Each structure stands twice: as C-alpha cells, then as structure tokens.
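Me: I have a model open and want to go through it piece by piece. Can you take my questions as they come?

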Amino acid sequence: MKLEINGKSHEVDASENTPLLWVLRDHLGLTGTKFGCGVAQCGACTVHVDGVPRRACVTPAGSVEGRSVVTIEGLSGPKAEAVRKAWEAIDVPQCGYCQSGQIMSAVALLQEVARPDDTQIDQAMAGNLCRCATYVRIRRAIHSAAGEEG
Amino acid sequence: MAPDDSFLKVDRRAFVGGSAALALQLVLRRGGRAIAAEKSLAEVEGGDATPSLWIAIGADGVVRLTCHRSEMGQQVWTAMAQLLAEELEADWSKIEIVQAIGHPRYGDQNTDGSRSVRKNFHRLRIAGAAMRTMLEAAAAKRWRTKPSKCRGEQHFVVHTSGKRIAYGDLIEDAMKLPMPKPSALALKPRERWRYIGKPVPSLTVPKITHGEGTFGQDVRIPGMRYAVIARPPQVFGSPSTVDDAATFRVPGVEKTVRLPNASPPALFAPLGGVAVVARDTWSAIQGRRALRIDWEAGPNGDYDSAKFEAAMMAAVREKGEVRRKRGDVYATLTSSAKRVDAEYYVPHLAHAPMEPPAATARWDGDRVELWGCGQTPQRARQTVAKICGVPEDNVTINITWLGGAFGRKSKPDFFAEAALIAREVGAPVKVVWTREDDLQHGYYHTVSAQRLEGGFDDEGKCVALVHRTAFPPIPSTFDPTQRSPSWGELRLGASDNPFVVPNLQLESHAVDAKIRIGWLRSVANIYHAFAVQSFAAELAHAVGRDPKDYLLELIGPPRTFDPNEEGAEYDNYGSSLSEYPLDTGRLANVTKIAAKMAKWGRDLPQGHGLGIAAHRSFVTYVATAVEVAVDEDGQLTIVGVWSAMDAGTVVNPRHAAAQMEGGTLFGLSNALYGEITAKGGAVQQANFPAWRVMRMNEAPRSMEVHIVESNAPPGGVGEPATPPAAPALANAIFAATGTRYRRLPIFGADRRDRIERIERKGA
C-alpha cells in the first residue's frame, strides 16, 4: 500500500483495512495523531484527507490511497500558523493529548468559514472531546485566529 | 516552614554535555529523614541521562531542572521552572526541563493532592538563590571585589560599575566555592518577582501545537511489540477456558500471554486475563476480539448498581458511627420549630483521561526499564519490582507526559502488566489500554449516599445539622476488611464542615467495595460538597431566604476552627493548621466575590436561575456561581459561570485560571452526565458516548475566573474548582425550575436532556 502523508510518499506493509490511525502511529511513527476511543467519538485522531477533517481511527488506510493526508506534524499554511499562534498566546492546551485533533478541526473550520460565530464553532468542534475541558479557551483562540487571518 | 540547612548539596562531579556544570542537589526530606544517598547520584544507574542533576547550569549557560513531578496539564514544568528562575535570576529562554525517573532520591514524587507547588515553593527558591549567590561570589573573586557589589541579573552577574559576565563563564569558578547556608540566603521581596505571580507562558504548549512531545501511548523503542489484554469483566474474576486459535489466524498476532489471576487486596496489581501480542496495536486489538474465553465471575459477580444504591440509601436513613460532634444535634432537632431533610446520591465516576493508560517495558537480564504515563513513578517502581520478583533497584521508571490523569495514572497496574508481558515475550512490549479497557477496568470514584437533616429555631436560623455519609472507602482497595469511611476521605468536605451551626454531627456508615475504588480529581469532596452545598440552599428555601445570604450566615463570622476539637481526626491535606488554618473569612470572601461577579440579585429572564456554592479543599477556597436557562421544552443551557478562588500565593495566574476553568467544567460534566454502573459485577459503559463527557456545544458560553490577591502561602490549584461546580449547578436549576436534583447525574447517556419543571420561579 502506498500512502501520501504530509506530502511524502510512504510504502506501508499493512492490510488495507487497518485504520489509518494505526498506520500513522505504529508503522510510520507519526504519533502526533492520537488514539482516544477508536470509534470516532472523541476526535483525538483527526487528520485532513484532501483538506477535509477525518477520524483516522475509523478510516481504512486503503481508502486514502492516492489521496493527500495531512497530520498535525505536516499541518502548515496561514490558517495553521494563525491557529497555532492563537493557541500559544493564551495557552489553550492543558495536558495537550486531544489538542492535535482540536487544531486539525479548528484549521478545517477556518478554511471553510473565515469568521465563525460561537454556534459555528460549537458545531464544528463538538466532535472533539477534551477531558481537561479547555473548551472556553478553544473558542476564544478560534475567534482570535479568525481575526488574525481575517 | 523553612527546612533546615542540610538540604542543599553541590555535586562537584557533575557534567552536562561533556563540560563541567554547577549542579545543585536538593536533598528532599520526608518525616525529617534525608532520602538521598550520600554518594554522588551520578553513580546510580538508570535511564535518566543526568540523574544527579536536580538543577545544573552548564558552561553553555543552559539551566537544566529535573522535574520530579509528572506533567499532566497542570503545567508543573512551568511552575517549577518559574520558582527556580525567580531566585536564580535566570533568562527564561535558557531553562530546560528533564523529567525525573522514579526514584526515592527525589523525595515525594506522587503527583496528586494538588501539592507540587505547595511542597516546593520554598525549596526551589532557596536552590535558585543558592546558585545565584555562588555565581555572584565567583564573579566577585574574579573581579577582586566584594560579593555585595555583584548581583545576578538575567543570566549575568553585574557589578555596580556596570561590567558584566555571563553565568556560563563563571561555572568552573563557582563549582569550587562553598555552598551558602540556606538560612543566610535572602529571598526576593514579592514586589521584585519577575516570574512568580506572572502569566508566564507554558513550556509544553509550543510543542503540543506541533504534535511533538511524547505521551505514554506514543513511546516507541526498537523491536517493540504491542499488546492489549482481555481482562476479567469482574474484579477478581478469572478465565476458566481460553481458546486462542482464531486469534492466531489474525495477521500480525505473534503470541498470547496468560497473566496471573488477581486476588484481594487489589492494590496496584494487574487484573489478570489474557494478553494478545502483535506487531501493531490494531492487530492486537483484532486478535483480542477473536479470543474465546469463558470467565469465572469470582466474588464480585453479584455487584448490581441499582440494588447497591437502594441498600446505601436505606443505610443513611439510620443513625451511623459518630465522626464529629458539636452540641446535641438530636435533642435540638426534636425541639426545633421546623425540620428539613434531604438524601443525595452520587454514582461511580471514571477518570477517562483522553489518553488511556499505556506503558512500555524492556528487559535486560533481570533488569527492566519502563516508560509510561505515571503519576506515581516510585509506586510504579515498587509495584513492578514486587510483581516481577526483582529488587527495586533493578527497575527503572521513565515518565512521559500524561495525556490527562485525574488520579487514574497514580495506580500503576499498567506498568506491571507491561513488565510481565515483556518478560514472557522476550522483547520490548507496549501495553495499550483501549477506551473500553479504561472505562471497564478502572479504579473508580466511589459511589455514595448521604442524608442531611437540619433544624431551625423560630427565626429561621439553622440550629442543628446532622450529616450522614456512606460509601465504599478507598482503603478497601488495599485491605478488603476496610469498610468504614476513612478519616482521609471524611476530611474531604465532611469532617471539615465550616458551618457555624451550634449543634452539628457527622455520622458514617460502612459499605463493602465490589470494585476497585480509587481517588479521582478532588476525591470525596465531589459528593460531600454536592450534598452539603445543595442542602445549604435547601435550608434557605425552607425558610424563604436568599440562598447566597443564607450560605454566608451558615459560614458565619470570620474565624478559624479545628475539627480535631470536635472528635474528628483531621490532617488538613498534610499541611499544618497554623500555616493553613480553616478560615471561614476566606470562604465567605470568595462567596461574596463570586456572587458579585454573577451580579447576584439582578432581575433574571424568564426560565433563568442562579445558583452558588462555596467549598474549601486542598487548603484553597473556591466559590462558583452558575446561571442556567431552562426553556419551555425543559432544555438546559448553562448561560454563565463565575468563580472566585483564594489559593494564597499563586505562581502562575494564567495556568491557575486554566485549572479553575477546566476543574469547574470537569465538575459540571460529571454532574450532568457522569455515571458508571455495574451489573453482574461488570461495568456497563464501554466507550464514549455511553460514558458521556461534556462537549464544546455543551460548555458554557461565558466563564469568568477571579483569583484573589493574597500573600498567604500557596494552596492547591488543580482540584479545588471541581467540588463547588455540581452543587452550584443543581442550585441554579432549582432556582430556575423548582426541580431539585439530589441524585447525579442530572442527565443520562440517552441524551434526552430534559429538565422537569415543577414550578416556574421566574425572576
């Protein structure tokens, strides 16, 4: 199986049914994408497939052959930088474990909607759990990143 | 407060990156005894690259601080670095953190009880001042001047004439100087602090935003295999037959390993079961799915939450063992003008850190090295040594970042699992807990029943209060004969009741544990604060008073008190009562501030309600006000949350506020949705959303935190926000709708999420 991850081509020796999450983490060592539930309920494993957020834990690796996968390690561009800057400016993360997924979802949201309101943020981010409950700061940071990018 | 002089040492043989370094070792003391060995710690074998270097400055000027506590999002790396950098006058960009291995030489590494800052606030400042003083003395010697004419400033020693020399250039000379006596060191006055009390940015966040940093689940070592374990559904259950034929047909599966059966006491031992070892996590999970196992339920197969709840509620309707007594509560109740009572129930909760537990082990002969997300590295070391039958010195525990913990990761059963399996496999093994494993095989927050009864005099003043509490205690995990609520749990919101009521009694009932019980963020404060602070509002309602005003009356005039004088054994979170008194003035103060922030008493829109609760825990005072709106359909919105915290001296207000926000929402999430139940001894919730956690769209839109300016010694910050959250919410819902929730959670996993309306209270 040949996968394109963060702009690089990787030959992977795993069955096509293996979830992309475990190919990234165990086979390619890209551990920035996290395992939280395995059933697409927490969003910790969020990656971009052709620019769209996807839960890697339920995405068969074979289904992304020939498509472009971006993980937190390869996330770049003005929206990504605005989000990282906003995250760091108010220290959004606590433990940080869910934050790769939060950032992937936030960047995807800002690519869709330049200046989301609270309701749009809530809808786009509701799939990303945070047990440290950093939600209030995530909302603030997304607004601030949107302003920055405008 | 000041430790004696002998707790500082210079390690003159220390090297950093091949060149000499000025290294300082703090000999931490526990129970008055020095713990560190006399020999240079550089000779102790282990995985830590610089084991002797508690704190070192190299010739490159880089300051390396070995952090002995675990980083789990409370920003302990940043806080410890702030304390050191303050007195060292370090350039913040030159500080690096080295995470300590688990070893007794580091003193108490147990990262729980909200005490990392509390216990290191003085020591780390003294260490920084000692290093700076030695560097100043070295510069003075070089310049042939008096040390008093030299002062450390942002990584340079500066002479009164203006000439300056970098810290790194003074290392060789400073190492040869005697260590100053800590009692001779002058710490900076508060007004000169540049790091402490300032919103210094996190040392971990810039890595987190790039997906860097290693959590327990992220550990990778050459030749490593991956394991998941099929554990018995019931605690102390065991497999009777195991058929792993289908497992071996799963591609990538290499081996199955039968783990020893567990037996009481639970301790931190693995639960037993069958491990499936594979070349990647997914293959191991698939292989586990293919196992055919018949389980023997064992002694806990009769655990049924519904029946258990009924039995506990019945128990608290009877008098219990008296644990604190003031006056004559029953005589007063009998003669009271009016009486009111209420019963409360809080279910089991799961920690559910976003990172499920994980540990990796590698054996070399009879020595084993482990990497994992542990809150208690020394306990992991002891447990692995005991379970594997090797000396503790043969066990090296490396601590990764913790992807949340909340108390779960202070139980190192997963380290022992990794060591046992890796030894069988003959290769390094990472044990991965899935979410199902985490939710079904945890050390749960206990289940609790409480009953409170109050009596009023003719003027509506509460003159008698009896509080009964029943729960399977945490000590049952270590000794199954322990059935009675321990003093260590009662002191968490029950035996330290601050109310000025003249007749007050605390009673407890013994309950058997049928599952592993453990501590979870703020522990027994969760249910005790829920009952006591809900009941305060119920008392107010019974006599037609404003709940905030009545709460302040119950707290009473500013005073300090000692529950030991009324029959309780009270240890004040391990801090002295003279340094950290139980101070009702501070509790009343945060209550007033939170009420003011929420504009208590304002006209509220139809269907809105305000609730308030105040609670002292971990020697910190927090009050929280919550505003809810309940619409015609019973749909609940948390409109706003206002919290005030008096934690004494706060090292980092930005991160303390983050703990307030997160700790409050943790409490609200548990109150709204948190419930773990057992049937036939097995936990019924397997994953999200059956175990439900607050999501972004359910979080309040508005949240404000106020941190009280204080010169008092630092209190805990990670846990105290959680206890008042649930009662503030329940009180708000009552104010909005007349519906009183005495049983948590308020909603269930069914997502119906409707509040019943009993009466409209309106504005």
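Me: How many of the nine residues of helix α14 (residues 547-555) of chain B are buried?
Reply: Seven of the nine are buried, so α14(B) is largely enclosed by the rest of the structure. Buried means 20 or more other C-beta atoms within 10 Å of the residue's own; exposed means 12 or fewer, partly exposed is in between, and C-beta atoms are placed from the backbone. Helices (H or I, at least four residues) and strands (E, at least two) are DSSP runs, numbered from the N terminus. Note that this is a predicted model: local features need pLDDT of at least 70, side-chain atom pairs count only at pLDDT 80 or more, and totals for chains, interfaces and linings use all residues. Residues are numbered from 1 along each chain as its sequence is written, while chains are lettered from A and ligands numbered from 1 in the order in which they are written.

Me: Which residues in α14(B) are buried?
Reply: B:Pro547, B:Lys548, B:Tyr550, B:Leu551, B:Glu553, B:Leu554 and B:Ile555.

Me: And what covers them?
Reply: The cover includes β24, α13, α15 (584-597), β28 (608-617) and α17 (722-737) of chain B. Contact here means C-beta atoms, placed from the backbone, within 7 Å. Just after the helix, B:Gly556 takes a positive phi of about 80 degrees.

Me: You mentioned α13. Where does α13 of chain B lie?
Reply: Helix α13 (residues 525-542) lies across β18, β23 and β24 of chain B. It runs at about 150 degrees to β18(B). Axes are lines fitted to C-alpha atoms, for helices over the stretch in contact, and angles run from 0 to 180 degrees between N-to-C directions.

Me: What is the strand order in that open sheet of chain B?
Reply: The five strands go β17-β25-β24-β23-β18, with mixed pairing. Two strands pair if DSSP finds at least two bridges between them. At the edges stand β17 (321-326) and β18 (338-346) of chain B; each has a single partner strand, so one side of each is left without a neighbour in the sheet. Neighbouring strands are turned by 10 degrees against each other on average, direction ignored.

Me: How many bridges pair β23 and β24 of chain B?
Reply: Eight, in the antiparallel sense, between β23 (residues 448-456) and β24 (residues 462-470) of chain B. B:Leu452 has B:His467 in β24(B) as its bridge partner.

Me: New topic. How many residues does each chain put into the contact?
Reply: Chain B puts in 49 residues and chain A 48. On the chain B side, α4 (205-208), α6 (281-289) and α16 (653-673) each supply at least two. The most comes from α16(B), with eight residues.

Me: Is α16(B) largely enclosed or exposed?
Reply: Enclosed: 19 of the 21 residues of α16(B) are buried, so the rest of the structure largely encloses it.

Me: Now chain B as a whole. How many helices and strands?
Reply: Chain B has 17 helices and 33 strands. Its C-alpha trace spans about 80 × 75 × 45 Å along its principal axes. Buried residues make up 59% of its 763 residues.

Me: Last one, chain A. What joins β3 and β4 of chain A?
Reply: Four bridges join β3 (residues 46-49) to β4 (residues 52-55) of chain A, and the strands run antiparallel. A:His48 stands opposite A:Pro53 in β4(A). The hairpin has two residues between the strands, and A:Asp50 takes a positive phi near 50 degrees there.

Definitions and conventions
Two residues are in contact if their C-beta atoms, placed from the backbone, lie within 7 Å.
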